[in-house]
Amino acid sequence: QVQLVESGGGLVQAGGSVRLSCTASGQTFSRYTMGWFRQAPGKEREFVAAISWSGGTTDYADSVKGRFTISRDGAKNTVHLQMNNLKPEDTAVYYCAAKRGYYDKEYDYWGQGTQVTVSS
């Protein structure tokens, strides 16, 4: 089992920055691919970014490329999502997730989510 806890959400103005963190506990964190997803009101949950267990491979949704950066700190069992140049359409609940294989379709573990609100 892996437990995931997100933090760092809040209210920010358009053009501003926020860094989300996700701390993992339980099974070996370093073996898991980590991802961030988001869900806006009335919309389906969507993929935002992912990072391989080694940190050497990353992937981003087109809507966030060049603005968001995913990274991981193995020593602290933490994955971060640095979000810059935020837009009102980035407003959503952001979820951290973990899966065993980078190319696995499904994520096995999910956090409870953290709210990010971007005001115009």
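1. Asn85 is placed in the loop between strand 8 and strand 9. Strands are DSSP runs of E with at least two residues, while helices are runs of H or I with at least four, and both are numbered from the N terminus. Although Asn85 is not a glycine, its phi is positive, at about 50°. Its relative accessibility is 45%, and Asn85 therefore counts as partly exposed. Here buried means under 20% relative accessible area, exposed means over 50%, and partly exposed lies in between, with a 1.4 Å probe and protein chains only.

2. Basis of the values. This is a predicted model, in which local features need pLDDT of at least 70 and side-chain atom pairs count only at pLDDT 80 or more, while totals for chains, interfaces and linings use all residues. Residues are numbered from 1 along each chain as its sequence is written, and side-chain values use heavy atoms, with hydrogens and water left out.

3. Most residues other than glycine have a negative phi.

4. Overall make-up. The protein chain has eleven strands and zero helices. For 120 residues, a compact globule would have a radius of gyration near 14 Å, and the 13 Å of the protein chain agrees with that. The radius is taken over C-alpha atoms, and the globule rule is 2.2 Å times the number of residues to the power 0.38. Along the principal axes, the C-alpha atoms fill a box of roughly 40 × 25 × 25 Å.

5. Surface and contacts. Buried residues make up 46% of the 120 in the protein chain. The accessible surface comes to about 6300 Å², with 46% of that area belonging to carbon and sulfur atoms; the areas come from the Shrake-Rupley method with a 1.4 Å probe, and for residues only the protein chains shown count as cover. Among contacts (heavy atoms within 4.5 Å) with a separation of 6 or more, 56% are between residues 24 or more positions apart.

6. Strand 9, residues 92-99, is largely enclosed by the rest of the structure, because seven of its eight residues are buried. Strand 4 (residues 33-39) runs antiparallel to strand 9 and is joined to it by seven bridges; two strands pair if DSSP finds at least two bridges between them. In this pairing Thr33 is opposite Lys99. Three bridges link strand 9 with strand 11 (residues 114-119), again antiparallel, and Val93 is opposite Gln115 there. Strand 10 (residues 109-110) is joined to strand 9 by two antiparallel bridges, with Ala98 opposite Tyr109.

7. Arg38 sits in strand 4 and is buried, at 6% relative accessible area. Its side chain makes a polar contact of 2.9 Å with that of Asp90 and one of 3.5 Å with that of Ser63. A polar contact is a pair of N or O atoms within 3.5 Å; within protein, one must be able to donate a hydrogen and the other to accept it, and residues adjacent in sequence count only if both atoms are side-chain atoms. Leaving aside neighbours within four places in sequence, the contacts of Arg38 include Glu44, Arg45, Phe68 and Tyr94.

8. The largest nonpolar core has 31 residues, of which Leu4, Met34, Trp36, Val79, Leu81, Met83 and Tyr94 touch the most other members. Strands 1, 3, 4, 5, 7, 8, 9 and 11 each supply at least two residues of this core. A nonpolar core is a set of buried Ala, Val, Leu, Ile, Met, Phe, Trp, Tyr and Cys residues joined through side-chain atoms within 4.5 Å. Beyond four places in sequence, the contacts of Leu4 include Cys22, Met34, Cys96 and Trp110.

9. Six antiparallel bridges pair strand 1 with strand 3, and Val2 is opposite Gly26.

10. Ser7 in strand 1 has 37% relative accessibility and is partly exposed. Leaving aside neighbours within four places in sequence, Ser7 is in contact with Arg19, Leu20, Ser21 and Thr114. Ser7 and Gln115 are 108 residues apart in sequence, and their C-alpha atoms are 9.0 Å apart.
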